[in-house]
Amino acid sequence: MYREVAVTSTSEKIAVIGAGSIGLAFTLLFTQAGYTVHLYDSHEDALSQAKDKLFKQATLLSDSGFLNGRVDDVCARVSLHDTLASAVEDVIFVQECVLETLAIKQAVFQQLEQHAPPTAVFASSSSALPSSAFCQHLDCAPRCLVGHPGNPPFLIPVIEIVPSPHTAAASVERARQIYTRCALKPVVLNREIKGFIFNRLQGAVLREAYSLVDDGVASVEDIDTVVKHGLGLRWSVIGPFETSDLNYRGGITDHAQRMGQAYADMAAERTDTAPWRAELVAEVAHQRRALLPLEQWAARVAWRDRELLALRVAKRSREQQD
């Protein structure tokens, strides 16, 4: 059911660099918050499909009463640009959403420094690369940081703000204010680290999942079942530290005393830090393709987004009741 929410428009403009799935999701977030968005992509096909994809995403949210504004109004605040220079004209903030390739990011940020206003803050959607890897030698380094989202950002509200040693405190605060206006949940890291928080935690779980398959302990499907109907269900309400704190009446200290050695023993079994072997990836892929043929991949992604949206709607309803 559609539920209109008042949106306070602003004359401030934001540029999104890259019209892939993450770039489109950020565009939708920014426009819902009342910003005018300049969307740029170097690929003509991506840009030509952007408005249609945005309309479909906005309609999905609107049908669940989760869109902040009307579909047409939200989409009308987006303009498409075929040059980066025109996209960043008069903007206060830039969200870079290009490929996770160092050389590409370096080239983009060099262009941002050249064409964007001297006060604009530049945020990279990097999944693992810290901004110092592609900004430290630029004059704009104090205005550069990482703004790493979950995927898709309009359904996963957490966003990690990762400043480099060169990033000014004012740039961090500006990013935090903008993301908060977009109803995101910013977490500011104290220092740079590859992968940040999100992907380091996700990577730890995924490495163990691969190892369990490799050791013949369980199938891909069974491991996903344990996470979906066990750990993931609990983690959607509380995080790992609160989980441990609530597991024993004595709190997290009691948990550490009881379980610390067991977890240390488990960690000691995992001494291999090499990348996943090609044969292991092939086996996991074989099991996944048996469960989901690639022809059904897009439909499953759409299903995932609907399920996440239903969860967000339910959580928001509970929060409003509390």
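1. The centres of domain 1 and domain 2, taken over C-alpha atoms, are separated by 32 Å. Domain 1 covers 13-188 and domain 2 covers 197-291, the bounds being those of an automatic or database domain assignment.

2. The model is a predicted one, in which local features need pLDDT of at least 70 and side-chain atom pairs count only at pLDDT 80 or more, whereas totals for chains, interfaces and linings use all residues. Residues are numbered from 1 along each chain as its sequence is written, and side-chain values use heavy atoms, with hydrogens and water left out.

3. Most residues other than glycine have a negative phi, and most peptide bonds are trans. Against that background, the bond joining N151 and P152 is a cis peptide bond, with omega about 0 degrees. P152 lies in the loop between β6 (144-149) and β7 (158-163), where helices (H or I, at least four residues) and strands (E, at least two) are DSSP runs, numbered from the N terminus.

4. D90, a residue other than glycine, has a positive phi, near 65 degrees, and is found in the loop between α4 (84-87) and β4 (93-96). D90 is exposed, with a relative accessible area of 52%; buried means under 20% relative accessible area, exposed over 50%, and partly exposed in between, with a 1.4 Å probe and protein chains only.

5. A183, also a residue other than glycine with a positive phi, has a value near 70 degrees. The loop that holds A183 runs between α7 (169-181) and β8 (185-188), and A183 is exposed, with a relative accessible area of 53%.
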